[in-house]
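Take the sequence and the model together and follow two positions through their surroundings.

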Amino acid sequence: MLLFFGGDAQAIPEKKEKTSTQSALGDSLAQEVVPLPVANLNNRKYQLTGSAYTISGAALERYPSSDLRNALKSLIPGLHVQEMHGAPGFTPEEEQGRYGIAEKVNITSRGLGIRYIIDDIPMDITEMMLDPQEIESVTVIKDVAQKAMFGPYAANGVVYIKTKRGADLRHKMNVNIESGVNVVGRMPGFVSASEYAELNNLARENSEMTPVYTSSDIAAYRGGNPYDLYHPNVDFKDLMFKDTRHFNRASISGYGGNSTVKYFSYLGYTGEGDIYKMGSKADYNRLNIRSNLDVQVNKDLSVSLNVVAGLGLRRSPNYGYATSEGSGNTRLLELDLALPQVNSIPPLAFPVYASNDPELTTPWYGVSSLFTSNPIGNLTKNGAYTETNRSAASKLAIAYDLSSVVSGLRSETSLSFDLLNLIRMGTAEQYAAYTVTPFKTSTGADTARIVKFQDAINDPQRRNLHDYYYQRFAVYQKLDYAKVSGAHDIHLNGTYYLFRVAKDGILEPQRFQSGIFSGRYTYQRKYTIQAVLNTTGTYSFAKGNRYGFFPSVGAGWVLSEEDFLKDNDAVSYLKLRSEVGIIGFESNFAPFHYRDRWTTSTGAAFGPGPTGRWFGNNNDATPYVTTPARIGNPDLTWEKRKELNIGIEGALFDGDLQFEFNYYNNLRTGQIVQLPNSLPYIVGVSNSMPRFNHNRTRYHGLESALRIQRSFGEFHVSLGGNVTLPGSKVVKADEPDYRNAYQSRTGKPVDAYFGHVYLGKFTSDSEASRVPQLYDQQLKAGDLKYADLNNDGVVDENDRTMIGRTSPRIIYGIHLGVRYRELEVFVLGGGRARYDIPMTNTYYWNGWGDNNYSNFVRDNIGGDYPRLTYVKVNNNFVPSDFWLMKGGYFKLQNVEISYKVPKYGAEREGFSNLKLFVRGANLLTISGVKDVDPESINSGLIWYPLNKTFTAGLKFNF
């Protein structure tokens, strides 16, 4: 039984006795075939010189999510998976960040954002969102020689996904059905109307101003409701959002074949609700369709065809008035507009309605002179849309065995084309809004002045509110040569790769081509040497700099095959390996930065007058002016990565204990940046700066994984974990020539957080006046006091130094699998440690003027919050370690409890196998961080909140 190390923690291989003549390489881990992009034949783990970590598609099914990336959490050493927000579904525009869309799931490896290759085609995972049930395996590739096999696209590391294919067996069908609920996690709270009035009074008093809310007002607000004209108490979150939304997914697949034709077909559905209580229908639905076909035409010729289609449907109310793309406040997710507004409007700013008289054709929604948008009106009366996302992809691969020409020679040609079209059709409407200004009559009675702010617009016309597209074409031709002769095992590969993609919003199609040669030689199954030579060209640079040559080499030594370990019963498999090399980085950098770009605008007449002007004349007072928009740099060239990787991996006690340790040291050189600090303003290009190959950054660290599995009769246990210790250093950067060494970022970690050293709060007004702090004219008792690091008698930006680190220095995961007969339990947890979170988002930094107050401000005045004032004290809201908190947390990421119906019972119902299960995701968080989610402190504040998910279902085959 094949074991994917570190992946399916429930898959416990059957124990086999090791005979005296059996090689240590009989261990399943050593013999595992590791899929690699393009060069994916005959890659057994004992032959690899780098770290390639593979998990099965079945291991991903346990995580109930519409986003496949979440299923990778805490499973793979060196892979940092961070869920940023919990929006339903996904959007293919995430990679570009169009219209403020935030990355839903951030995945990095060794400090850099990882990329994806699906069935040998490079694409972002959001452009072809897969279901776990259609995936055969996922391999994470991080070391230089293996990355170089695909070229610069893979420089940051690769998640390589292989989808399922047919097999030489009779037809089988698999069915999966799962249903459940997403429960909203942490959503930071804000104060009620009466609390707001009390805090606003206090803030005004601290700013030596007269309070505006009387005790009777505060009492009225305390008993008020959302519709009270005079003393409204509006909880927009409670009115607009609910705490749960449905989650469903189902799939059916068929596979089989014979020696001539093999096939795999798949149909999958995923559906999620939304958290709106009001407004038009809001949900997300997706269909995935796949057919993978393999045909052996004759003994030499085989053909593979992949055909994929996807249909996504998102329905939602509009939030805000926008009649076309780019007009109004266009956002790809409406909640990204709604949440910040809901949190910022005080609960007493205005009532929901200025008037909701039944005789009105439409309600009059309340607004105020300061807060001119009504969230409920936005959600219910701005129209609605249906967004349709259609995608299709095909890949044709033709393989020919050329052994008749040269023994062991094989050719493969692949052509692939995929495209996506997204269109959002809907209505754009507007609500009638009236400002509501409460006041008291001469007799002291409550009344309100109601004044029209905007008219209603009822427009049933359906419009194109937004659209997006991409088209991708890729082709590769490769020649493989494999020869095993006695103790010698040779594998050579030559690949030519061509890639072109056109995307909406990118003027020039992205293009690159690569020629790659890789050679691997293994002797006596002990010693392996690998070399990869890569030549790649990109459209991003001038002709003389478009092509780069990037070599890398690797070596592996299987110690368990040596005589001194071969007969050791405790050591099943043990290997040392290392890779070193250079790889270019393809960032799809926008083209033509090697050329100047000019822009034309109208200017003012200039020169002696009224005649003889240099620019313009008496009849043309606004002549055209041409100015540089960008200064080109013809010397721009590739960013290079110089990488060293060293590792050890092995299995002990017949595979009961498996481990892996990796060390990496990677240097980014020639990073393409602008140099605002190195080019003085006198150069005259501050608004059109050229780009240079300048910065250098080093990433280094340790990655480890360990797994133990044992069987005790019918009781089987598997326990595993992984730990990553990342580090980084800025080697060279564009920064000013600081007078004080502590100000420099060079030599510091990439994630270094700079700010003031907090000394405490001023205890008296006289103390606050002794040391000038130049952010405000006057400070008082209760304001924050900082260290004067350069001893110049004032505190300003020159006194900022490194005070923390914002990226975890420990990333870890742990999983437990237990099986007793037909009952199985799987538990997965993970977390981060040793880093700081700046408490500088709008939940922590608020509390001045007439804006809203968060629960944090309410509960921490005089403690973790500085002096509350109506006039903002800038000194108190600058980066300092006062605003840093420890960000470490542990999360119970995933739990599955399943029961496999005994075979006789399943067959009685007509199934070959039947499995019942319950699952949960993001179930528990242990952290010193309260109110906000430590995994993403902006979730629930300006983005969708993260969710807890509970599902139940069944899977069977027949």
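Beyond its neighbours within four places in sequence, G157 is in contact with I114, R115, I141 and K147. The model is a predicted one. G157 lies in the loop between α3 (144-148) and β8 (158-163). I141 is 16 residues away from G157 along the chain, yet their C-alpha atoms are separated by 5.6 Å. With a relative accessibility of 1%, G157 counts as buried, because the cut-off for that class is under 20%.

Strands of a sheet pair through backbone hydrogen bonds, in either a parallel or an antiparallel manner. Strand β7 (residues 135-141) and β8 run antiparallel and are joined by six bridges. Within this pair, V140 stands opposite V159 in β8.

Is D836 buried or exposed? Its relative accessible area is 8%, so D836 is buried. Not counting residues up to four places away in sequence, D836 touches G804, R805 and T806, as well as L884, M885, K886 and G887. With one of these residues, K886, the side chain of D836 also makes a polar contact of 3.4 Å, side chain to side chain.

Methods. Residues are numbered from 1 along each chain as its sequence is written. This is a predicted model: local features need pLDDT of at least 70, side-chain atom pairs count only at pLDDT 80 or more; totals for chains, interfaces and linings use all residues. Side-chain values use heavy atoms; hydrogens and water are left out. Buried means under 20% relative accessible area, exposed over 50%, partly exposed in between (1.4 Å probe, protein chains only). A polar contact is a pair of N or O atoms within 3.5 Å; within protein, one must be able to donate a hydrogen and the other to accept it, and residues adjacent in sequence count only if both atoms are side-chain atoms. Contact means heavy atoms within 4.5 Å. Helices (H or I, at least four residues) and strands (E, at least two) are DSSP runs, numbered from the N terminus. Two strands pair if DSSP finds at least two bridges between them.
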